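Subject: Structure for you, with notes

Hi,

Here is the structure I promised. Please open it alongside this email, and my notes follow below.

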Amino acid sequence: EKPGTWAVFWVRRFFRIAPLYYVLLALALLLGPELGHFRELIAAQWPDTATAASRYHDQTAANVLTHVSFIFGLLPHYAYDTPLPDWSIGLEMEFYVAFPFLMLLMARVGPLKAAGVYVLGCLALKGIFPAYFAAFEMPSVLAEKLYLFLCGMLIAVGRWQGRLRQCLLFSLLLCVPYLGWPDVESVMKLGLVVLVYYLLGDGSLPSCKALDTGLGRLRGLLGGGFGRVLGNASYCVYLVHLFILLPVAGILSEQAWYLAMGGRARFLCCLAIVAPVVYGLALVFEYGVEQPGIRMGKRLLRR
(Lines give C-alpha, C1' and ligand atoms only; values in the text may rest on other atoms or scores of the structure.)
Protein backbone atom coordinates (compact mmCIF):
# COMPACT_ATOMS: atom_id res chain seq x y z
CA GLU A 1 0.00 0.00 0.00
CA LYS A 2 3.04 2.32 0.03
CA PRO A 3 3.13 4.66 -3.00
CA GLY A 4 6.89 4.06 -3.27
CA THR A 5 6.24 0.43 -4.19
CA TRP A 6 3.82 1.60 -6.87
CA ALA A 7 6.56 3.70 -8.47
CA VAL A 8 8.96 0.75 -8.45
CA PHE A 9 6.34 -1.46 -10.08
CA TRP A 10 5.54 1.14 -12.76
CA VAL A 11 9.20 1.80 -13.56
CA ARG A 12 9.91 -1.91 -13.91
CA ARG A 13 6.96 -2.50 -16.21
CA PHE A 14 7.71 0.61 -18.30
CA PHE A 15 11.30 -0.44 -18.98
CA ARG A 16 10.15 -4.00 -19.67
CA ILE A 17 7.75 -2.85 -22.41
CA ALA A 18 8.72 0.60 -23.70
CA PRO A 19 12.31 0.43 -25.06
CA LEU A 20 11.66 -2.32 -27.60
CA TYR A 21 8.24 -0.93 -28.41
CA TYR A 22 9.60 2.56 -29.13
CA VAL A 23 12.29 1.22 -31.46
CA LEU A 24 9.86 -0.92 -33.44
CA LEU A 25 7.19 1.79 -33.42
CA ALA A 26 9.63 4.16 -35.11
CA LEU A 27 10.51 1.48 -37.64
CA ALA A 28 6.85 0.67 -38.27
CA LEU A 29 5.92 4.30 -38.87
CA LEU A 30 8.89 4.73 -41.20
CA LEU A 31 8.10 1.61 -43.24
CA GLY A 32 4.33 1.95 -42.95
CA PRO A 33 3.54 2.84 -46.60
CA GLU A 34 5.67 -0.04 -47.90
CA LEU A 35 4.04 -2.50 -45.50
CA GLY A 36 0.64 -1.12 -46.51
CA HIS A 37 1.43 -1.89 -50.17
CA PHE A 38 2.06 -5.55 -49.35
CA ARG A 39 -1.09 -5.62 -47.20
CA GLU A 40 -3.10 -4.41 -50.20
CA LEU A 41 -1.66 -7.20 -52.35
CA ILE A 42 -2.81 -9.74 -49.77
CA ALA A 43 -6.28 -8.17 -49.51
CA ALA A 44 -6.61 -8.25 -53.31
CA GLN A 45 -6.52 -12.06 -53.17
CA TRP A 46 -8.32 -12.50 -49.86
CA PRO A 47 -10.62 -9.47 -49.34
CA ASP A 48 -11.94 -10.75 -46.00
CA THR A 49 -8.51 -10.14 -44.46
CA ALA A 50 -8.35 -6.44 -45.36
CA THR A 51 -7.61 -3.87 -42.64
CA ALA A 52 -7.88 -0.09 -42.65
CA ALA A 53 -5.28 1.56 -44.91
CA SER A 54 -4.77 4.36 -42.33
CA ARG A 55 -2.83 1.90 -40.16
CA TYR A 56 0.03 2.07 -42.63
CA HIS A 57 -0.10 5.72 -43.68
CA ASP A 58 -0.84 7.72 -40.52
CA GLN A 59 2.50 9.34 -39.68
CA THR A 60 0.99 12.41 -38.01
CA ALA A 61 2.37 13.90 -34.82
CA ALA A 62 -0.89 13.13 -33.01
CA ASN A 63 -0.59 9.44 -33.85
CA VAL A 64 3.04 9.38 -32.72
CA LEU A 65 2.30 11.18 -29.43
CA THR A 66 -0.66 8.99 -28.50
CA HIS A 67 1.46 5.89 -29.01
CA VAL A 68 4.59 7.19 -27.28
CA SER A 69 2.44 8.12 -24.27
CA PHE A 70 0.53 4.78 -24.41
CA ILE A 71 -2.86 6.50 -24.28
CA PHE A 72 -3.79 5.28 -27.76
CA GLY A 73 -5.64 2.28 -26.32
CA LEU A 74 -8.27 4.64 -24.90
CA LEU A 75 -8.84 6.52 -28.18
CA PRO A 76 -10.86 4.70 -30.87
CA HIS A 77 -9.24 6.59 -33.74
CA TYR A 78 -5.67 5.73 -32.68
CA ALA A 79 -6.11 2.38 -30.92
CA TYR A 80 -5.39 0.37 -34.09
CA ASP A 81 -3.55 2.89 -36.22
CA THR A 82 0.01 1.63 -36.75
CA PRO A 83 1.42 -1.37 -38.67
CA LEU A 84 2.23 -2.97 -35.30
CA PRO A 85 -0.28 -5.27 -33.56
CA ASP A 86 0.11 -2.93 -30.60
CA TRP A 87 -3.51 -2.57 -29.47
CA SER A 88 -2.74 -5.15 -26.77
CA ILE A 89 0.32 -3.15 -25.63
CA GLY A 90 -1.97 -0.22 -24.82
CA LEU A 91 -4.29 -2.61 -22.98
CA GLU A 92 -1.38 -4.03 -21.00
CA MET A 93 -0.13 -0.60 -19.97
CA GLU A 94 -3.64 0.36 -18.81
CA PHE A 95 -3.64 -2.70 -16.58
CA TYR A 96 -0.24 -1.82 -15.11
CA VAL A 97 -1.46 1.68 -14.23
CA ALA A 98 -4.60 0.26 -12.62
CA PHE A 99 -2.94 -2.69 -10.84
CA PRO A 100 -1.99 -1.01 -7.53
CA PHE A 101 -5.50 0.41 -7.22
CA LEU A 102 -7.04 -2.98 -7.99
CA MET A 103 -4.93 -4.51 -5.24
CA LEU A 104 -6.03 -1.89 -2.69
CA LEU A 105 -9.68 -2.96 -2.83
CA MET A 106 -8.71 -6.64 -2.91
CA ALA A 107 -6.74 -6.12 0.30
CA ARG A 108 -9.68 -4.41 1.97
CA VAL A 109 -12.72 -6.49 0.99
CA GLY A 110 -11.13 -9.70 -0.25
CA PRO A 111 -10.05 -10.75 -3.75
CA LEU A 112 -13.27 -12.48 -4.81
CA LYS A 113 -15.57 -9.67 -3.75
CA ALA A 114 -13.30 -7.09 -5.34
CA ALA A 115 -13.09 -9.07 -8.59
CA GLY A 116 -16.89 -9.25 -8.70
CA VAL A 117 -17.15 -5.50 -8.13
CA TYR A 118 -14.64 -4.81 -10.90
CA VAL A 119 -16.45 -6.98 -13.44
CA LEU A 120 -19.82 -5.46 -12.58
CA GLY A 121 -18.27 -2.01 -12.94
CA CYS A 122 -16.84 -2.89 -16.35
CA LEU A 123 -20.17 -4.25 -17.54
CA ALA A 124 -21.89 -1.09 -16.27
CA LEU A 125 -19.45 1.09 -18.21
CA LYS A 126 -20.14 -0.88 -21.39
CA GLY A 127 -23.86 -0.45 -20.81
CA ILE A 128 -23.61 3.29 -20.16
CA PHE A 129 -21.23 4.06 -23.05
CA PRO A 130 -22.06 1.48 -25.75
CA ALA A 131 -21.07 3.75 -28.66
CA TYR A 132 -17.62 4.38 -27.17
CA PHE A 133 -16.82 0.69 -26.81
CA ALA A 134 -18.34 -0.19 -30.20
CA ALA A 135 -16.01 2.32 -31.88
CA PHE A 136 -12.93 0.18 -31.16
CA GLU A 137 -11.85 -2.23 -33.87
CA MET A 138 -9.88 -4.22 -31.29
CA PRO A 139 -10.63 -4.58 -27.54
CA SER A 140 -7.92 -2.20 -26.33
CA VAL A 141 -9.89 -0.71 -23.42
CA LEU A 142 -9.22 -2.35 -20.05
CA ALA A 143 -12.93 -2.65 -19.24
CA GLU A 144 -13.23 -5.09 -22.17
CA LYS A 145 -10.55 -7.48 -20.92
CA LEU A 146 -10.10 -6.87 -17.21
CA TYR A 147 -11.87 -10.15 -16.43
CA LEU A 148 -8.97 -12.08 -18.03
CA PHE A 149 -6.38 -10.21 -15.96
CA LEU A 150 -8.48 -10.94 -12.88
CA CYS A 151 -8.46 -14.66 -13.70
CA GLY A 152 -4.67 -14.57 -13.63
CA MET A 153 -4.65 -12.66 -10.35
CA LEU A 154 -7.04 -15.16 -8.81
CA ILE A 155 -4.72 -18.05 -9.70
CA ALA A 156 -2.06 -16.40 -7.54
CA VAL A 157 -4.61 -15.74 -4.79
CA GLY A 158 -5.85 -19.34 -4.92
CA ARG A 159 -2.35 -20.76 -4.53
CA TRP A 160 -1.44 -18.28 -1.79
CA GLN A 161 -4.60 -18.80 0.26
CA GLY A 162 -5.03 -22.51 -0.49
CA ARG A 163 -8.44 -22.17 -2.18
CA LEU A 164 -7.69 -22.74 -5.82
CA ARG A 165 -10.98 -24.58 -6.46
CA GLN A 166 -13.03 -21.64 -5.26
CA CYS A 167 -10.97 -19.23 -7.36
CA LEU A 168 -11.35 -21.43 -10.46
CA LEU A 169 -15.14 -21.52 -10.14
CA PHE A 170 -15.26 -17.77 -9.56
CA SER A 171 -12.98 -17.14 -12.57
CA LEU A 172 -15.30 -19.12 -14.82
CA LEU A 173 -18.21 -17.10 -13.46
CA LEU A 174 -16.38 -13.86 -14.29
CA CYS A 175 -15.90 -15.00 -17.89
CA VAL A 176 -19.52 -15.95 -18.60
CA PRO A 177 -20.95 -12.40 -19.14
CA TYR A 178 -18.29 -11.71 -21.78
CA LEU A 179 -18.66 -14.92 -23.80
CA GLY A 180 -22.29 -14.57 -24.88
CA TRP A 181 -24.32 -17.60 -25.86
CA PRO A 182 -22.61 -20.96 -25.25
CA ASP A 183 -21.00 -22.12 -28.48
CA VAL A 184 -17.85 -23.95 -29.47
CA GLU A 185 -15.68 -20.82 -29.21
CA SER A 186 -16.92 -19.81 -25.75
CA VAL A 187 -16.55 -23.37 -24.44
CA MET A 188 -12.98 -23.47 -25.76
CA LYS A 189 -12.19 -20.17 -24.01
CA LEU A 190 -13.53 -21.50 -20.73
CA GLY A 191 -11.53 -24.67 -21.29
CA LEU A 192 -8.39 -22.58 -21.76
CA VAL A 193 -8.99 -20.89 -18.40
CA VAL A 194 -9.35 -24.32 -16.77
CA LEU A 195 -6.17 -25.57 -18.48
CA VAL A 196 -4.13 -22.61 -17.21
CA TYR A 197 -5.43 -23.20 -13.68
CA TYR A 198 -4.36 -26.85 -13.84
CA LEU A 199 -0.96 -26.00 -15.32
CA LEU A 200 -0.27 -23.47 -12.57
CA GLY A 201 -2.14 -25.40 -9.88
CA ASP A 202 -0.94 -26.75 -6.55
CA GLY A 203 -2.44 -30.23 -6.86
CA SER A 204 -5.70 -29.36 -5.11
CA LEU A 205 -7.96 -29.22 -8.18
CA PRO A 206 -10.24 -32.19 -9.00
CA SER A 207 -8.64 -35.17 -10.80
CA CYS A 208 -5.17 -33.66 -10.53
CA LYS A 209 -3.63 -37.07 -9.81
CA ALA A 210 -5.25 -38.62 -12.86
CA LEU A 211 -3.98 -35.80 -15.04
CA ASP A 212 -0.59 -35.57 -13.39
CA THR A 213 1.37 -37.36 -16.14
CA GLY A 214 0.00 -35.27 -18.98
CA LEU A 215 0.25 -32.02 -17.03
CA GLY A 216 3.79 -32.87 -15.96
CA ARG A 217 4.89 -33.37 -19.55
CA LEU A 218 3.26 -30.14 -20.66
CA ARG A 219 4.86 -28.24 -17.77
CA GLY A 220 8.21 -29.75 -18.68
CA LEU A 221 7.83 -28.70 -22.31
CA LEU A 222 6.79 -25.15 -21.45
CA GLY A 223 9.24 -24.73 -18.58
CA GLY A 224 12.22 -26.45 -20.19
CA GLY A 225 15.04 -24.84 -22.09
CA PHE A 226 13.25 -24.71 -25.43
CA GLY A 227 10.07 -23.38 -23.85
CA ARG A 228 12.01 -20.68 -22.03
CA VAL A 229 13.73 -19.57 -25.23
CA LEU A 230 10.36 -19.26 -26.97
CA GLY A 231 8.88 -17.47 -23.96
CA ASN A 232 11.74 -15.00 -23.69
CA ALA A 233 11.48 -14.20 -27.39
CA SER A 234 7.68 -14.02 -27.47
CA TYR A 235 7.38 -10.25 -26.96
CA CYS A 236 9.89 -9.54 -29.72
CA VAL A 237 8.22 -12.07 -32.03
CA TYR A 238 4.85 -10.46 -31.42
CA LEU A 239 6.07 -7.01 -32.38
CA VAL A 240 8.42 -8.06 -35.21
CA HIS A 241 6.46 -10.69 -37.13
CA LEU A 242 4.42 -8.38 -39.38
CA PHE A 243 7.60 -6.74 -40.71
CA ILE A 244 8.41 -10.09 -42.33
CA LEU A 245 5.00 -11.69 -42.76
CA LEU A 246 3.44 -8.88 -44.80
CA PRO A 247 6.18 -8.65 -47.46
CA VAL A 248 6.49 -12.43 -47.76
CA ALA A 249 2.74 -13.01 -47.95
CA GLY A 250 2.34 -10.06 -50.32
CA ILE A 251 4.95 -11.39 -52.75
CA LEU A 252 3.58 -14.93 -52.53
CA SER A 253 0.04 -13.68 -53.21
CA GLU A 254 1.17 -12.73 -56.73
CA GLN A 255 2.65 -16.15 -57.51
CA ALA A 256 0.43 -18.50 -59.53
CA TRP A 257 2.02 -21.63 -58.06
CA TYR A 258 1.32 -20.39 -54.53
CA LEU A 259 -2.30 -19.54 -55.28
CA ALA A 260 -2.80 -23.01 -56.79
CA MET A 261 -1.93 -24.65 -53.46
CA GLY A 262 -4.50 -25.56 -50.84
CA GLY A 263 -5.05 -23.35 -47.82
CA ARG A 264 -3.03 -25.50 -45.39
CA ALA A 265 -0.17 -25.86 -47.85
CA ARG A 266 -0.07 -22.09 -48.38
CA PHE A 267 0.01 -21.54 -44.62
CA LEU A 268 2.86 -24.02 -44.09
CA CYS A 269 4.82 -22.62 -47.02
CA CYS A 270 4.53 -19.07 -45.71
CA LEU A 271 5.32 -20.21 -42.16
CA ALA A 272 8.46 -22.03 -43.31
CA ILE A 273 9.78 -18.82 -44.87
CA VAL A 274 8.68 -16.37 -42.18
CA ALA A 275 9.33 -18.19 -38.89
CA PRO A 276 13.14 -18.57 -39.10
CA VAL A 277 13.60 -14.93 -40.11
CA VAL A 278 11.21 -13.64 -37.42
CA TYR A 279 12.83 -15.64 -34.63
CA GLY A 280 16.28 -14.64 -35.81
CA LEU A 281 15.31 -10.96 -35.72
CA ALA A 282 13.55 -11.46 -32.40
CA LEU A 283 16.76 -12.73 -30.82
CA VAL A 284 18.66 -9.72 -32.20
CA PHE A 285 16.11 -7.29 -30.75
CA GLU A 286 15.81 -9.22 -27.49
CA TYR A 287 19.53 -9.00 -26.72
CA GLY A 288 20.14 -5.71 -28.52
CA VAL A 289 17.19 -3.66 -27.23
CA GLU A 290 14.84 -5.47 -24.85
CA GLN A 291 17.36 -6.81 -22.32
CA PRO A 292 19.42 -3.55 -22.24
CA GLY A 293 16.15 -1.68 -21.65
CA ILE A 294 15.33 -3.89 -18.68
CA ARG A 295 18.81 -3.37 -17.25
CA MET A 296 18.41 0.39 -17.72
CA GLY A 297 15.28 0.30 -15.58
CA LYS A 298 17.04 -1.67 -12.86
CA ARG A 299 19.93 0.80 -12.80
CA LEU A 300 17.49 3.66 -12.47
CA LEU A 301 15.78 2.00 -9.52
CA ARG A 302 19.10 1.34 -7.77
CA ARG A 303 19.91 5.05 -8.01
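Where does Phe70 lie? Phe70 sits in the loop between helix H3 (61-68) and H4. Keep in mind that this is a predicted model. Phe70 is not a glycine, yet its phi is positive, at about 65 degrees. Phe70 has a relative accessible area of 9%, so it is buried. Ser207 also has a positive phi, about 60 degrees, without being a glycine. Ser207 belongs to the loop between H9 and helix H10 (212-223). With a relative accessible area of 52%, Ser207 is exposed.

The core

The largest nonpolar core holds 80 residues. Leu20, Tyr21, Leu24, Leu146, Leu150 and Tyr197 have the most contacts inside it. Elements giving two or more residues to this core include helix H1 (3-45), helix H4 (87-109), helix H5 (111-128) and helix H7 (142-161). Helix H8 (164-179), helix H9 (184-199), helix H11 (225-252) and helix H13 (263-302) are also among them. H11 supplies the largest share of this core, 13 residues.

Neighbours within four places in sequence aside, Tyr21 is in contact with His67, Phe70, Phe72, Leu84, Asp86, Ile89, Tyr235 and Leu239.

Helix H5

H5 has 18 residues, and at 1.5 Å a residue it should span 26 Å. Its end C-alpha atoms are 25 Å apart, which agrees. The buried residues of H5 are Pro111, Leu112, Ala114, Ala115, Gly116, Tyr118, Val119 and Cys122. H4, H7 and H8 are among what covers them.

Two buried polar residues

Glu144 is in helix H7. Its relative accessible area is 17%; under 20% counts as buried, so Glu144 is buried. The side chain of Glu144 makes a polar contact with the side chain of Lys126, at 3.1 Å. Beyond its neighbours within four places in sequence, Glu144 is in contact with Lys126, Phe133, Pro139 and Tyr178.

Ser140 is in the loop between helix H6 (130-134) and H7. At 0% relative accessibility, Ser140 counts as buried. A polar atom of the Ser140 side chain lies 2.9 Å from the backbone oxygen of Gly73. Again leaving aside neighbours within four places in sequence, Ser140 is in contact with Gly73, Ala79, Trp87, Leu91 and Glu94.

What is the volume of the largest pocket? The value is about 610 Å³. The largest pocket is lined by 25 residues, and Ile42, Leu242, Leu245, Ala249 and Cys270 are the closest to its centre. H1, helix H2 (54-57), H11 and H13 each give two or more residues to the lining. H13 gives the most, with nine residues.

Across the chain

Arg12 is in helix H1. At 55% relative accessibility, Arg12 counts as exposed. Which residue is 282 residues from Arg12 along the chain, with the C-alpha atoms separated by 7.5 Å? That residue is Ile294.

Best wishes

Key
Residues are numbered from 1 along each chain as its sequence is written. This is a predicted model: local features need pLDDT of at least 70, side-chain atom pairs count only at pLDDT 80 or more; totals for chains, interfaces and linings use all residues. Side-chain values use heavy atoms; hydrogens and water are left out. A nonpolar core is a set of buried Ala, Val, Leu, Ile, Met, Phe, Trp, Tyr and Cys residues joined through side-chain atoms within 4.5 Å. Buried means under 20% relative accessible area, exposed over 50%, partly exposed in between (1.4 Å probe, protein chains only). Helices (H or I, at least four residues) and strands (E, at least two) are DSSP runs, numbered from the N terminus. Contact means heavy atoms within 4.5 Å. The expected span of a helix is 1.5 Å times one less than its number of residues. A polar contact is a pair of N or O atoms within 3.5 Å; within protein, one must be able to donate a hydrogen and the other to accept it, and residues adjacent in sequence count only if both atoms are side-chain atoms. On a 1 Å grid over the protein atoms alone, a cavity is a set of points where a 1.4 Å probe fits but cannot get out, and a pocket is an open set with protein on both sides within 12 Å along at least five of seven lines; lining residues have an atom within 4 Å of a point. Grid points are joined across faces, edges and corners, and a volume is the space filled by probe spheres set on the points.
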